[in-house]
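Here are my notes on the strand pairing and the backbone of this model. Please read them against the coordinates.

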Amino acid sequence: MKEHDKLAKRLGIILTRLNTGEKLYLEELSREFNVSERTLQRDFNERLNYLPIERIGACYFLDPKVLGNQSGRELSILLLNMGLDNLFPSKHYLSNGVLNNSTMPPFLFKNPRIEDISQNASVFEKLIESVQRNNVISFTYEGLRYNEFLPYRLVNDRSIWYLAGTHRKRLHSFRIAKISELVRYDNKYSPDINISQKLSGVALDEWRNDAVEVILQIQANAIDSLFKEDTTDRFSILKELDSGDVLASYQTNNIPALFSQLKTWLPDVEVLSPDWVRYQLKQELQAYLDSTK
């Protein structure tokens with residue numbers, strides 16, 4: 001099992017058992033999960049420190065006054081802070097009556113499209129701690145070194161994990177899978193509320209650092225006009241097909257402009273990849289058609 005999957009499963013089991021009133025002992029948990037007691041102490045003292053957990057020696061348990069009292073409102077706030085407040089059409093679906101009325105959960109998420117970053121699990125965990133503690137960090141990204149970076153959030157945008165923060169007072173986003181040589185310093189920064197609000201209110205499109213490569217199939221009759229129209233050298237031909245069509249690569253980091261351009265090229269151009277570009281373009285076109293009915 002991937003390292004971050006193990007962590008998520010361990011925390012989920014601990015949360016469930018705490019919420020049922022069980023008293024948990026480090027020695028027993030260490031044997032059960034095959035991790036050190038020091039790791040478990042970090043679970044309780046850092047990863048779960050938002051809960052009213054009581055401790056007597058090596059025994060941990062939830063404050064009896066809050067057992068079973070997690071409300072739909074608290075869950076709604078959690079989803080809001082994570083950017084998932086539109087996950088359900090109504091907040092009453094988050095009540096204990098709905099979530100806990102049977103042994104089988106009412107909701108099932110099939111094949112969620114989430115990037116596998118198991119190879120960078122240690123970086124991911126260190127970034128979580130840096131964001132929570134407001135630690136200044138440094139790292140290498142695609143051959144460049146970024147010193148004194150202020151990490152604000154870990155953002156999952158269209159299934160890809162990004163680190164969002166500021167470097168030299170400018171907003172940036174970096175794909176976590178490409179981050180290496182991460183160093184976390186003891187010195188801390190004071191978050192700027194304006195930065196935090198902007199991160200919560202916009203997508204990464206405005207300040208992403210990595211370009212998106214879109215693979216297109218261009219019909220033969222439109223090839224000349226499209227290549228003459230674009231003067232930025234973003235097009236490169238990958239393959240000429242027997243039909244006269246071509247497969248081409250188009251790279252950009254200006255996502256809003258990309259979608260505007262794609263709409264002008266239709267129906268002579270078909271997006272082959274990435275899937276999220278195809279899906280979003282289809283959604284925008286469908287929304288337009290629906291608005292004209």
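1. Strand 5 pairs with strand 6 (residues 160–167) in the antiparallel sense, over seven bridges. Two strands count as paired if DSSP finds at least two bridges between them. Helices (H or I, at least four residues) and strands (E, at least two) are DSSP runs, numbered from the N terminus. Leu 150 stands opposite Thr 166 in strand 6.

2. The model is predicted: local features need pLDDT of at least 70, side-chain atom pairs count only at pLDDT 80 or more, and totals for chains, interfaces and linings use all residues. Residues are numbered from 1 along each chain as its sequence is written, and side-chain values use heavy atoms, with hydrogens and water left out.

3. Strand 4 (residues 135–141) also pairs with strand 5 (residues 144–157), again antiparallel, over four bridges. Phe 149 in strand 5 is the bridge partner of Ile 137.

4. The hairpin of strand 4 and strand 5 has two residues between the strands, and Glu 142 takes a positive phi near 50° there. Glu 142 is not a glycine. At 52% relative accessibility, Glu 142 counts as exposed (over 50%; buried is under 20%, partly exposed in between; 1.4 Å probe, protein chains only).

5. Asn 134, in the loop between helix 6 (121–133) and strand 4, has a positive phi of about 60° and is not a glycine either. Asn 134 is partly exposed, with a relative accessible area of 22%.

6. Leu 266 and Pro 267 are joined by a cis peptide bond, with omega about 0°. Pro 267 lies in the loop between helix 9 (255–265) and strand 12 (269–273).
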